[in-house]
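Let's take a friendly walk through this structure, one chain at a time. Keep the picture open beside you as you read.

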Amino acid sequence: MPNPGKPSFLTRVRWYFQGRTSTGERGMSFGSQILSQLFLLLMAAIVLYPILWVVSMSFDPRDISRPTELRLNPFQGGLTLKAYADIIKQPTANPVSLGQLMFNSFRLATLTGIASIIVGIFASYAFSRLRFAGRQTLMIAVLTVLMLPSIATLPALFVLLNKVQFDIGGQVFNLRNSLIGVGLAVLSGSLPFAIWNMKGYLDTIPKELEEAALIDGCTPNSAFFRVTLPLSTPVLAVTFFLGFMSTWTEYPTSWLFLTNPKDFTLMMALYNMVGQYSNTTPWSHFAAMSILIALPVTIVYLFVQRYFVGGLAIGGVKG
Amino acid sequence: MTALAQSPTAPKKVVHRRSIWRVLNPYFYLIPAFLVMGVITYYPMLYQVWMSFTDYGLKNLRFDAPLPNYVGFANYINILTNQLGLSYYDFWRMLGFNLFWTFSNVIIHVALGIFIAVILNRQGLWFKGFYRALYILPIVVPQIIVANIFRNMFDPDYGAINQGLAILGKFFFGLSPDLFHIHWIDQVNYPVSWLPLTLSYYALLIANVWLGWPFMTIVASGALQSIPKDLYEAARIDGASESQQFWRITLPLLRPAMVPASVYGIVMTFNLFNLIYFLSGGGPLRQTEILITTAYRLINEQRLYGVAAAFCVYIFIILLILTLITNSITRATESYDA
């Protein structure tokens, strides 16, 4: 006997296409359903257009330098991975391999991401939980930096980091012209964002959990390490990822600071493949390069976005 | 200080021996972050203010180079009176363009975002999950990559925009494909003669609308789902039409969520370096240059560090004013909570 409270599968399929809700209530009329579908399909086409274009270009088997006709289906006329193979060998005229570029961007992004959460979490905790003189002032100090785009502190960072220069075994090391210098400049902008982002999450962890730990004999500090810190793992991961993502595709600081090809980052290579310097670069190379840079972060972002997009704090302002 | 007054303080006579540590404890938590930020954020910011009063340039760059000369407010005055030696540089036009750019974008993002969210939240819509999954793409693809892709898409001969328009024009209106060699990025004259905006502004707008609306849709969707269904029920019983329900229920109840999202959008768009620098490069003739891209050019191309520092101080002041204004708008709508 079918359960009378639960409609059969076929009924539910019928209701679905009649535009009813799962309980069979009247939903949309057929006319507005069709209109909505047409509009939403148009938006879907607009969203997919650049993505399909760049994906098909990267697989284009015709081996031409510029796409002379529109091609949106990657499978049309066969696929080739030649562009990817060329890119992996040497993406630009600079003597640096894709592996080296990726390694540089990866190091930069990982280390600044980790540094920003390790240094930031303590301050986030203090702002979220502890009461002390000067709390408001210091919070405003953090927010002020947050408001400012990272490029707006570059003149001073460039000049100051450039002053740090010393000899190591006959080789001159200039902090500005190194990945460490870029990392410091990036951290200068990403740390306030990390502090603010993590504070927002700590605010949502119930205070009672810590108070219970205090009653059970924890000191305030060990309550932080044993209760709050483990509970904030999700926000540590998300903050790390957001920091990673923005540094992975960071352009202005690296371009300004770095002159040695073996320090170059992915975005610097991509910049050499578009615009004024790109006359000799086949667009299939550009497309393959864009996809190789975007794909890793896009996939991770797809999985984690549901946890924070939408609730994204004003903290995301930092570019 | 108010925070201190609010905190529950123990009766004064019971003085613990550890109380000095209890007072100092919060500051230990702050030490790592403020030590790091002091060195790499706050000190450079102060240093930059000093730099802005000097003629800091390439010659002062070496670590043993002489100190730059003090020039007073010369940098600040030269920036406002357009005496930087940059061709086609006009500070006030640029500021106006920057503000227009910001608000035109955010208004379209919010309107389109709400519109699509309302459609997606209608009862009984087909393929909801499919659209939701697809519309997330512009958020998750790195913005700077999108800017580069659009840069090539707007190419007059090989770009997908002109090629796509040619196909559509031929299919629907029988137009010759030769009509669609539009120079999106470098056409100098204004397509709408009474609007001082080049075609590259519209190209940037198209790219940024592509990037921006899904975020607003997500914010609006979240807010829509928290509106109680009974309100619509009651409105229907009272005889309110669909559009009345939208204007009187949906929109006012979306406001608490959309206002902070718009403020966020305004600050983001005002400083949208990546898209403008990569797509139009501020061109043609600096017509689409915004403050932050100009600041970067002053450092990266002109190597005028002192001038750039002063320019960044202006950016700071303008952003401060913009944030204060938008914050006061936010606060004004806070009481609207239904």
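In chain A, 65% of the contacts with a separation of 6 or more are between residues 24 or more positions apart; a contact here means heavy atoms within 4.5 Å. Before going further, note that this is a predicted model, in which local features need pLDDT of at least 70, side-chain atom pairs count only at pLDDT 80 or more, and totals for chains, interfaces and linings use all residues. Residues are numbered from 1 along each chain as its sequence is written, chains are lettered from A and ligands numbered from 1 in the order in which they are written, and side-chain values use heavy atoms, leaving out hydrogens and water.

What is chain A built from? It has 13 helices and two strands. These elements are DSSP runs numbered from the N terminus: helices are H or I with at least four residues, and strands are E with at least two. Chain A has a radius of gyration of 26 Å, well over the 20 Å that the globule rule gives for 319 residues, so chain A is more spread out than a compact globule. That radius is taken over C-alpha atoms, and the rule is 2.2 Å times the number of residues to the power 0.38. The C-alpha trace of chain A spans about 80 × 70 × 30 Å along its principal axes.

Of the 319 residues in chain A, 52% are buried, where buried means under 20% relative accessible area (1.4 Å probe, protein chains only).

Now pick out helix H10 of chain A, residues 233–248. Its 16 residues should span 22 Å at 1.5 Å a residue, and its end C-alpha atoms are 22 Å apart, which agrees. The expected span is 1.5 Å times one less than the number of residues. Among the buried residues of H10(A) are Val235(A), Leu236(A), Phe241(A), Phe244(A) and Trp248(A).

Next comes chain B. How many helices and strands does chain B have? The count is 14 helices and zero strands. Its radius of gyration is 26 Å, whereas a compact globule of 338 residues would have one near 20 Å. Along the principal axes, the C-alpha trace of chain B spans about 75 × 60 × 35 Å. Buried residues make up 51% of the 338 in chain B. Among contacts in chain B between residues at least 6 apart in sequence, 63% join residues at least 24 apart.

Methods
Buried < 20%, exposed > 50% of the residue type's maximum accessible area, 1.4 Å probe, protein only.
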